[in-house]
Amino acid sequence: MAKKVALITGASSGIGKDTALVLKDMGYKVYGAARRMDKMKDIEQKGVSIMSLDVTDEESMIACVDSVVKKEGRIDVLVNNAGYGFYGAIEDVPMEEARKQLDVNLFGLARMTQLVLPTMRKQHAGKIINISSMAGRVCTPFGAWYHATKYAVEGFSDCLRMEVEPFGIDVVLIEPGAIKTDWGIIAANHLQEVSAKGAYKKQANRVANYFKKAYTSNSISKPELISNTIARAVRAKKPKTRYLVGYGAKLSVFSKHILSDRMYDKIIKKVMR
Ligand code: NDP
């Protein structure tokens, strides 16, 4: 039987890169896609096929999916992983950056989904794994646009699951907690870029420093935890619809569930200083 095929976005770093290797070791023919081809040379040497992809560029997305379908004739797993956090006070974040945040984290994921669906429907099989976040279930100060994208990914995925189930396609949400990748430093840098000097500077610098400290420490979870969770979902005949996993994830969602909004706000602001 032909090898099963997986396409992973954001494979040049962190969770996506690790997932590409884990699925390859599971026997999948893996296509890893991202903008920085040079950052995927190492996984290419280990047997992952690499592709250039910008999830904000329509032509790039079409070319990527078309090329996999042309070469393999099928796509069994799509891991919609590409994403980043543009943190900053709502008052300070330029609308252009806010739109870019939605373009990558939501519309990119949505368009990649649209592009693989005809192939998956034809196969009457397929899994779409959407990398959401605990940030799709709870909120942090200065993360409004990021949380907006991840809350949207949650709703989008729940709707999608109901629509595609009759075609044999399943949809799984992965909701990581804090994972040691480039994500935290990128979010902290954006936050300082836009809010380090203005009216919100005191709290913004505190939150940025909290991220920098957390994401350079060894106390948060490693990307392997998430790639192994993705592998579990890929292997399972009937996977869970959402996997909440990694540093701080279960505790924050549970706290949000049992506390009043104001009490949760107070605690999260205290933790992130
Ligand atoms: P990294 O910064 O290590 O990786 C992000 C990946 O996204 C890179 O490979 C990057 O590739 C890709 N990417 C960004 N913009 C684009 C674009 N326009 N087109 C294509 N690819 C793009 O972070 P993580 O591995 O942590 O992030 C992966 C996912 O996990 C994200 O969706 C993130 O929101 C989510 N997540 C992360 C958590 C964490 O604590 N690390 C927690 C919860 C969720 P390139 O720049 O080469 O295009």
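I take a polar contact to be a pair of N or O atoms within 3.5 Å. I keep in mind that this is a predicted model.

**Entry 1**

I began with Thr181, where a polar side-chain atom sits 2.6 Å from an oxygen atom of the ligand. I then looked up how much of the ligand is covered: alone it exposes 880 Å², and the protein buries 96% of that. Next came Arg35, which places a polar side-chain atom 2.8 Å from an oxygen atom of the ligand. For Val55 I noted the backbone instead, with an N or O atom 2.9 Å from a nitrogen atom of the ligand.

**Entry 2: the shell**

Which residues come nearest to the ligand? I found Ser12, Ser13, Tyr146, Thr181 and Tyr215, out of 30 residues around the ligand. Sorting the shell by type gave me 15 nonpolar, 10 polar and five charged residues. I also checked the helices: helix 1 (14–25), helix 5 (144–164) and helix 6 (183–195) supply at least two shell residues each.

**Entry 3: a look at Thr9**

I turned to Thr9, which belongs to strand 1 (residues 5–9). Is Thr9 buried or exposed? I wrote down buried, because its relative accessibility is 2%, and buried means under 20%. The Thr9 side chain reaches the backbone nitrogen of Asn81 at 2.8 Å. Leaving aside residues up to four places away in sequence, I listed what Thr9 touches: Ala33, Leu53, Val79, Asn80, Asn81, Ala82 and Met112.

Notes: Residues numbered from 1 in each chain as written. Predicted model: local features only at pLDDT ≥ 70, side-chain atom pairs only at ≥ 80, totals over all residues. Heavy atoms only, no water. Near = heavy atom within 4 Å. Polar contact = N/O pair within 3.5 Å; in protein donor to acceptor, adjacent residues only side chain to side chain. Areas by Shrake-Rupley, 256 points an atom, 1.4 Å probe, with all protein chains shown as cover. Helix = DSSP H or I, 4+ residues; strand = E, 2+ residues; numbered from the N terminus. Nonpolar A, V, L, I, M, F, W, Y, C, P; charged D, E, K, R; others polar. Buried < 20%, exposed > 50% of the residue type's maximum accessible area, 1.4 Å probe, protein only. Contact = heavy atoms within 4.5 Å.
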